[in-house]
Amino acid sequence: MDSRGVHRALAALVVLPLALGGCGSAGVSSPPAGVDELVVPTPSPDPDDFVAGVDNPWLPLRPGRTWTYQVVDVDGEHPITVSVAGGPEVAGVETTARVSTEQGRRTTDWFAQDTAGNVWWFGRAGEWQAGSDGAEAGLAMPDQPRVGDGYRTAYRSGVVEDLATVIALDGTATVPAGSYDDLLVTRETSELEPGGSRELSWARGVGLVKADSFGRVVRLMETGEDPP
């Protein structure tokens, strides 16, 4: 397969440089480079390069699964609830929807996984979607992250211009949901917010467990399944 391939992806809560053929055929590699055989973001995803569902171990999005997070920020302490459901077709690709609700505000992000196991961010309801107005899907989560890898999470000029870098594969965290080790740790920056950054910690089989940025701390409280 040839191609290119969250405060923003998680702002509801919180994703490589030449060849995965169907995920994309042209585009600009994002500094810092380091993810082999992908170009990110991708302007022309090929539906044949994607599979149904998202089961990447760092970003598992099984419909019906839920997460509850504790947030401490300038507004005090409050929860974020996250759930997964089927998503729409975006740029010809069937997606999975992650719905985040915080203080009455709902944010829906769309993701799809390619045949190599990489998860791509295809858009956010009401803000942007790949294939429209110059927006391109970026990488939400690589299949095999390596320290030093860098990539765009998505791109639409003036709307989403975030970059992510893998900074550790042995992170640890203690949050209300428990203690975790061997965490994938990424740092996200935005070209729209010079000087700002977010550090995110991901547990295998769980997903995001911690997110830290200036003035805002997010911690996993519990995971579960939606009732039948």
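User: Is Arg 124 buried or exposed, and what is its relative accessible area?

Analyst: This is a predicted model, and the values are computed from it. A residue counts as buried under 20% relative accessible area. Arg 124 falls in that class and is buried, with a relative accessible area of 4%.

User: Which residue forms a salt bridge with Arg 124?

Analyst: Side chains of opposite charge can pair when their charged atoms come close. For Arg 124, the closest N and O atoms of the pair are 2.7 Å apart. Arg 124 lies in strand E7 and its partner in strand E6, so the pair ties together parts that are 15 residues apart in sequence. The partner, at 0% relative accessibility, counts as buried; the residue is Asp 109.

User: How many residues apart are Glu 191 and Arg 152, which meet in a salt bridge?

Analyst: The N to O distance of this salt bridge is 3.3 Å. Glu 191 is partly exposed, with a relative accessible area of 41%, whereas Arg 152 counts as buried at 12%. Glu 191 sits in the loop between strand E13 and strand E14, and Arg 152 in strand E10; the separation is 39 residues.

User: Which residue forms a salt bridge with Arg 156?

Analyst: Arg 156 is in the loop between strand E11 and strand E12, and its partner is in the loop between strand E8 and strand E9, 23 residues apart. The closest N and O atoms are 4.0 Å apart. The partner is Asp 133.

User: How many salt bridges does a search of the whole structure find?

Analyst: Some of the charged residues form a network: Asp 162, Glu 188, Glu 193 and Arg 198 are linked by salt bridges. For the whole structure, the search finds 13.

User: How many residues are in the largest nonpolar core?

Analyst: In soluble globular proteins, nonpolar side chains tend to be buried together. Among the residues with the most contacts inside this core are Trp 67, Phe 122, Tyr 180 and Leu 220. Leaving aside neighbours within four places in sequence, Tyr 180 is in contact with residues including Val 206, Val 209 and Leu 220. The largest nonpolar core has 49 residues.

User: What distance separates the C-alpha atoms of Val 217 and Gln 70?

Analyst: Val 217 lies in strand E16 and counts as partly exposed at 29% relative accessibility. Beyond its neighbours within four places in sequence, Val 217 is in contact with residues including Gln 70, Val 71 and Val 72. Val 217 and Gln 70 are 147 residues apart along the chain, and their C-alpha atoms are separated by 8.1 Å.

How values were computed
Residues are numbered from 1 along each chain as its sequence is written. This is a predicted model: local features need pLDDT of at least 70, side-chain atom pairs count only at pLDDT 80 or more; totals for chains, interfaces and linings use all residues. Side-chain values use heavy atoms; hydrogens and water are left out. A nonpolar core is a set of buried Ala, Val, Leu, Ile, Met, Phe, Trp, Tyr and Cys residues joined through side-chain atoms within 4.5 Å. Buried means under 20% relative accessible area, exposed over 50%, partly exposed in between (1.4 Å probe, protein chains only). Contact means heavy atoms within 4.5 Å. Helices (H or I, at least four residues) and strands (E, at least two) are DSSP runs, numbered from the N terminus. A salt bridge is a side-chain nitrogen of Lys or Arg within 4 Å of a carboxyl oxygen of Asp or Glu.
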